[in-house]
Amino acid sequence: METTGYIHSFQSMGAVDGPGLRYVIFLQGCPLRCAYCHNPDTWEYRGGSPYDPREVLMKILRYRPYLKNGGVTVTGGEPLSQPEFTAELFRLLKEEGFHTALDTSGIGNLESAREVLSHTDLVLADVKFLTGVDYQTYCSGNFEHVIQFLNLTRRMEIPMWIRRVVVPGLNDTPKDIEDLISFLTDYDNVEKVELLPFRKLCLEKYERLDIPFPLVDTPEMAADSLSELQSLLPSRYL
């Protein structure tokens, strides 16, 4: 019996979710509640449309000519919240020769994550903060669990890109970036670091869902300030 996945949406020509042009699948469900989350409509697990992995594969195959220098990215929500579906979809994609990327916060059962990673070519890991207190305060998450996931990717030698949304007043100082760089020196599988600016394009979603946006009064991240922080990144991460 096929594993059913609950999917929020598809993007057929994504250009910012891994190398090359990519087919991007947004899964439903996330255990985190990040203060700056842009997709509150993906929080609930059964909020999306049900698909089996082969149905999704058939959709992707139509775009194969456009994806030859890219691949497929599964994001969310949190794809490790639906590990059986994600693992089976990636297994089918690898059989068809597609490059697979997992966009994750590293939250989920580690044994299930191991199975997903066995079919994963690249991990896009969102390392939001570097202390347990900040993870709990701003994400309702467990940083030690994130570290265990990152360690698993290292042991399995899965290439990894690190992503961080930079939020004014939360993690936007030079020291925040220097600490991140220092933290990553233990991970020789990290190939790239991407700093992403905090934006508030999600406000309409929160209003529609009647959910308060915790950072409604926080300014968006200025482009010049972000550039200054990006200049701190070592060339090996660019």
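**View 1. An open sheet of eight strands.** The sheet has mixed pairing and the order β3-β1-β2-β4-β5-β6-β7-β8; strands are DSSP E runs of at least two residues, helices are H or I runs of at least four, and both are numbered from the N terminus. Two strands count as paired if DSSP finds at least two bridges between them. β3 and β8 (190–197) are at the edges with a single partner strand each, so one side of each has no neighbour in the sheet. From one strand to the next, the twist averages 30°. This is a predicted model, in which local features need pLDDT of at least 70 and side-chain atom pairs count only at pLDDT 80 or more, while totals for chains, interfaces and linings use all residues. Residues are numbered from 1 along each chain as its sequence is written, and side-chain values use heavy atoms, leaving out hydrogens and water.

**View 2. Strand β1 and its partners.** β1 (residues 5–14) runs antiparallel to β3 (residues 49–51), joined by three bridges, and here Tyr6 stands opposite Pro50. With β2 (residues 22–27), β1 pairs antiparallel over five bridges; Gly14 has Arg22 as its bridge partner.

**View 3. A parallel pair.** β4 (residues 71–75) and β5 (residues 100–104) run parallel, joined by three bridges. Thr73 sits opposite Ala101 of β5.

**View 4. Helices α3 and α5.** Helix α3 (residues 110–117) packs with helix α5 (residues 143–155) at about 35°, their axes 11 Å apart; axes are lines fitted to C-alpha atoms, for helices over the stretch in contact, and angles run from 0 to 180 degrees between N-to-C directions. The contact (heavy atoms within 4.5 Å) includes Leu110 of α3 and Phe149 of α5.
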